[in-house]
Structure formats: C-alpha cells, structure tokens
Amino acid sequence: MASSTPALSAQELQTLSSKAIAAKATAYCPYSKFRVGACILTQSGEYISGANVENASYPVGTCAERVAFGTAVVAGHRNFKAIAVATDVKPGASPCGMCRQLYVLI
C-alpha cells in the first residue's frame with residue numbers, strides 16, 4: 001500500500017472494521033483458539049475478507065491477512081487502499097512478520 005493513499009472515509013472505516021470483526025467467526029483455529037479476521041478494501045471499493053486457518057503442524061497454518069490478500073489477488077485485484085485485522089485480545093495483535101512482508105510485495 002502506497003503512503004500516498006488517501007484517508008478512509010468514516011463509512012469505509014466502519015465497514016472495513018465490521019467485516020474484519022465478522023470474519024473472525026469463520027476462523028478455523030482448533031489448536032490455539034486465537035481467532036483472527038481481516039478485511040481488505042481495494043482501490044476499486046471492494047471489501048475482501050479472510051480468517052486464519054490452522055493446521056496441526058504449526059506454523060503451516062495461514063494467517064487471516066494472507067487469506068484475504070490471496071483471495072483478492074486471485075480475483076484480479078492488485079491495488080489496495082486499507083486492511084483491518086481483528087482479534088479477541090486487547091490491545092489488538094500486530095500482524096506477523098510473514099504478513100508484513102506480503103504487504104510490502106503487493
């Protein structure tokens with residue numbers, strides 16, 4: 001995401017947040033019980049959600065952010081405006097190193 005990206009409107013921020021929170025309900029995390037939901041807003045105005053998917057062989061699972069970006073890229077999106085990540089912890093968790101590297105590449 002470029003640093004010149006315009007600020008989000010209040011409606012975009014609310015929608016992005018709501019969809020990231022809702023995505024947590026679809027998380028598959030039977031081992032850690034750590035639900036994560038993510039939602040991306042594309043430059044074209046589409047919202048694409050993802051949730052973490054665990055595997056018995058840690059760390060083979062997939063983070064919510066990578067699920068959302070993978071879904072977006074497969075759908076043809078390459079330009080993104082924002083991402084929201086939701087967890088059940090306060091304060092919220094920071095994206096992992098693998099997800100941060102993906103943000104730089106896209």
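The following questions and answers set computed values for this predicted model against the definitions behind them.

The model is predicted, so local features need pLDDT of at least 70 and side-chain atom pairs count only at pLDDT 80 or more, while totals for chains, interfaces and linings use all residues. Residues are numbered from 1 along each chain as its sequence is written, and side-chain values use heavy atoms, with hydrogens and water left out.

Q: What makes strand β1 largely enclosed by the rest of the structure?
A: A residue is buried under 20% relative accessible area, exposed over 50% and partly exposed in between, with a 1.4 Å probe and protein chains only. Seven of the seven residues of β1 (residues 36-42) are buried, so the strand is largely enclosed. Both of its faces are covered, with V36, A38, I40 and T42 on one side and G37, C39 and L41 on the other. Strands (E, at least two residues) and helices (H or I, at least four) are DSSP runs, numbered from the N terminus.

Q: Why is V73 called partly exposed?
A: V73, which is found in helix α2, has 27% relative accessibility and therefore counts as partly exposed.

Q: Why is K33 called exposed?
A: The relative accessible area of K33 is 59%, so the residue is exposed. K33 lies in the loop between α1 and β1. Its phi is positive, about 60°, although K33 is not a glycine. Most residues other than glycine have a negative phi.

Q: How do you know that β1 pairs with β3 and with β2?
A: Two strands pair if DSSP finds at least two bridges between them. Seven bridges join β1 to β3, and five join β1 to β2 (residues 47-51); both pairs run antiparallel. Among the bridge partners, L41 has A82 in β3 and G37 has A51 in β2. C39 stands opposite S49 in β2. The strands β1 and β2 form a hairpin with four residues between them, and G45 in the turn has a positive phi of about 95°.

Q: Why do β2 and β3 stand at the edges of the sheet?
A: The open sheet of three strands has the order β2-β1-β3, with antiparallel pairing. β2 and β3 each have a single partner strand, so one side of each is left without a neighbour in the sheet. Neighbouring strands are turned by 15° against each other on average, direction ignored.

Q: What makes about 145° the angle between helix α1 and β1?
A: Axes are lines fitted to C-alpha atoms, for helices over the stretch in contact, and angles run from 0 to 180 degrees between N-to-C directions. Contact means heavy atoms within 4.5 Å. Helix α1 (residues 10-23) lies across β1, β2 and β3 and runs at about 145° to β1.

Q: What kinds of residues make up the lining of the largest pocket?
A: Ala, Val, Leu, Ile, Met, Phe, Trp, Tyr, Cys and Pro count as nonpolar, Asp, Glu, Lys and Arg as charged, and the others, Gly among them, as polar. The lining divides into 14 nonpolar, seven polar and three charged residues. A pocket is an open set of points on a 1 Å grid over the protein atoms alone, where a 1.4 Å probe fits, with protein on both sides within 12 Å along at least five of seven lines; lining residues have an atom within 4 Å of a point. Helix α2 gives the most to this lining, with three residues.
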